[in-house]
Amino acid sequence: MKKDGISLRMWASFLILGLVGQLAWTIENMYFNVFLYNTISDNPSYIAAMVAASGVIATITTLLMGALSDRLGRRKAFISVGYILWGIATAAFGFLSVDGIQTLFPAANAVMLAAVAVVVMDCIMTFFGSTANDAAFNAFVTCNTTQKNRGRVESVLATLPLIAMLLIFGLFDGMTQEGRWREFFLIFGALVTLTGVITIFLLPRETPAPRRDSYWKNIVYGFRPAVVKSNKPLYIALCAFGLFCIAVQVFFPYLIIYIQEYLKIDSYAIVLGIVLIVASLVSVVFGRVIDKVGKLKFTIPALAVMFAGLIAMFFVRSFVAVILAGTVMMSGYMLVTAALSGTIRDYTPEGKVGLFQGIRMIFQVLLPMIIGPYIGAFIIQNSDEVYFELGVVKQVPIPAIFLGSAALLALSLIPIILLRKVDKEARDADKLG
């Protein structure tokens, strides 16, 4: 039985792997930051360093493992084994603490070493996650969808990060507020590992078609000038996505801390829960619209929605106002993600899907996670907003991070407009041909 040309088994694979993967990435992208901030150090530079290091590891891993999965002709093994090890690495976070470091190294700066240990463990977790999710699962989705149904698939996949956040905020956030970090990480580590075991039976059996060309040449394939020139629309789309992701990373790593410490909204889980539910519904409803209107035509209105939400977030302070502004912002975020992700898949050459996953990661993860958080940290550190906790002065994220994000978001219009022009020229040439 098929829905939208995709079997129900395949839909189940997309949803289970996508959702559990996003649960793990939500913890990595948001809760590792809160864990570091609350239990190790409030210095935003540590958060920025962790995000940047994770971005570098994620990109290198995807380049190497994406090319390797293409060469071996196997996605399933990378997904299953990767998820199993990803879960083990996530669970290991529960055993990191300043007190533990102090016991092992009594003469050292325990706070600094603990922060370094968190960054290193994050990199290990990211290696397994990027192998399983960024390299193998993303290639798996591209290979099992078409231009006719990618808008619908991407609109559903785009909701999964927010659904993951909703599940964590609604059901497990209380554990983190009570300081039960070990239990928190063990639960989700076990879930990710179990998913890896399930996929051994869920994913369809593969018929390997290994490549015989050079593995190392395949790794650098996407960097060759001739390849860039022959795939011009793909690289322009990646540039647009890169600027968009940088804009998101200016505020996203600090979002929970901002709501909790600057806005003084203790029930931030309720705020984010409402925002995520509504934004997810908006994304699913507009999935068919994206396919019908066209991904490129849809991108600019979606950017406008997110831009309006970011500007509103700069001004709002009350519980209800934050929900309204946040809903607009996150709805726009999901719609832009769906439209641009689908566009990138459309332009990815068939038979070389794995080779381009690393290139995608440079624009989607590496550059955004290096540049964005440091812009956010710079904005925060140049403010006088602080609070005292047990006699310790802690820095607080400020509303200006949303203005910084909006400014960068506006820049993404440049490659999008250029891409629409290039795409139109290509379509006109096809008609004449």
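Q: Exposed means over 50% relative accessible area, so does Glu178 count as buried or exposed in this predicted model?
A: The model is a predicted one. Buried would need under 20% relative accessible area, whereas exposed needs over 50%. Glu178 has 57% relative accessibility, so this residue counts as exposed.

Q: Which residue meets the side chain of Glu178 in a salt bridge?
A: A salt bridge here needs a Lys or Arg nitrogen within 4 Å of a carboxyl oxygen. For Glu178 the N to O distance is 2.9 Å. The partner is partly exposed at 33% relative accessibility, and its name is Arg180.

Q: How many residues apart are Lys295 and Asp346, which the pair links across distant parts of the chain?
A: The side chains of Lys295 and Asp346 meet in a salt bridge at 2.8 Å, N to O. Lys295 belongs to helix 15 (residues 295-315) and Asp346 to helix 16 (residues 319-347), a separation of 51 residues.

Q: Are Lys295 and Asp346 buried or exposed?
A: These two side chains form one of the three salt bridges in the structure. A residue is buried when its relative accessible area is under 20%. Both Lys295 and Asp346 are buried.

Q: Which side chain makes a polar contact with the side chain of Thr126?
A: Thr126 sits in helix 5 (residues 110-143), and its 1% relative accessibility makes it buried. Leaving out residues up to four places away in sequence, Thr126 touches Trp25, Glu28, Ser54, Ile57 and Ala58. The polar contact, at 3.0 Å, is with the side chain of Ser54.

Q: Is the pair of Phe32 and Phe185 stacked or edge-to-face?
A: The ring centres are 5.6 Å apart and the planes stand at 65 degrees. Planes over 60 degrees apart count as edge-to-face, so the pair of Phe32 and Phe185 is edge-to-face.

Q: How many residues apart in sequence are the parts that Phe32 and Phe185 tie together?
A: Phe32 is buried at 0% relative accessible area, and Phe185 is buried at 0% as well. Phe32 lies in helix 1 (residues 8-39) and Phe185 in helix 8 (residues 181-202), so the parts tied together are 153 residues apart.

Q: Which helices do the buried residues of helix 13 pack against?
A: Helix 13 (residues 268-285) has 18 residues and reaches 26 Å from its first C-alpha to its last, close to the 26 Å expected. Its buried residues include Tyr268, Val271, Leu272 and Leu276. The buried residues pack against helix 6, helix 7, helix 12, helix 14 and helix 16.

Note on methods. Residues are numbered from 1 along each chain as its sequence is written. This is a predicted model: local features need pLDDT of at least 70, side-chain atom pairs count only at pLDDT 80 or more; totals for chains, interfaces and linings use all residues. Side-chain values use heavy atoms; hydrogens and water are left out. Buried means under 20% relative accessible area, exposed over 50%, partly exposed in between (1.4 Å probe, protein chains only). Helices (H or I, at least four residues) and strands (E, at least two) are DSSP runs, numbered from the N terminus. A polar contact is a pair of N or O atoms within 3.5 Å; within protein, one must be able to donate a hydrogen and the other to accept it, and residues adjacent in sequence count only if both atoms are side-chain atoms. Contact means heavy atoms within 4.5 Å. The expected span of a helix is 1.5 Å times one less than its number of residues. Rings of Phe, Tyr and Trp (its six-membered ring) pair if their centres lie within 6.5 Å; planes under 30 degrees apart count as stacked, over 60 as edge-to-face and the rest as tilted.
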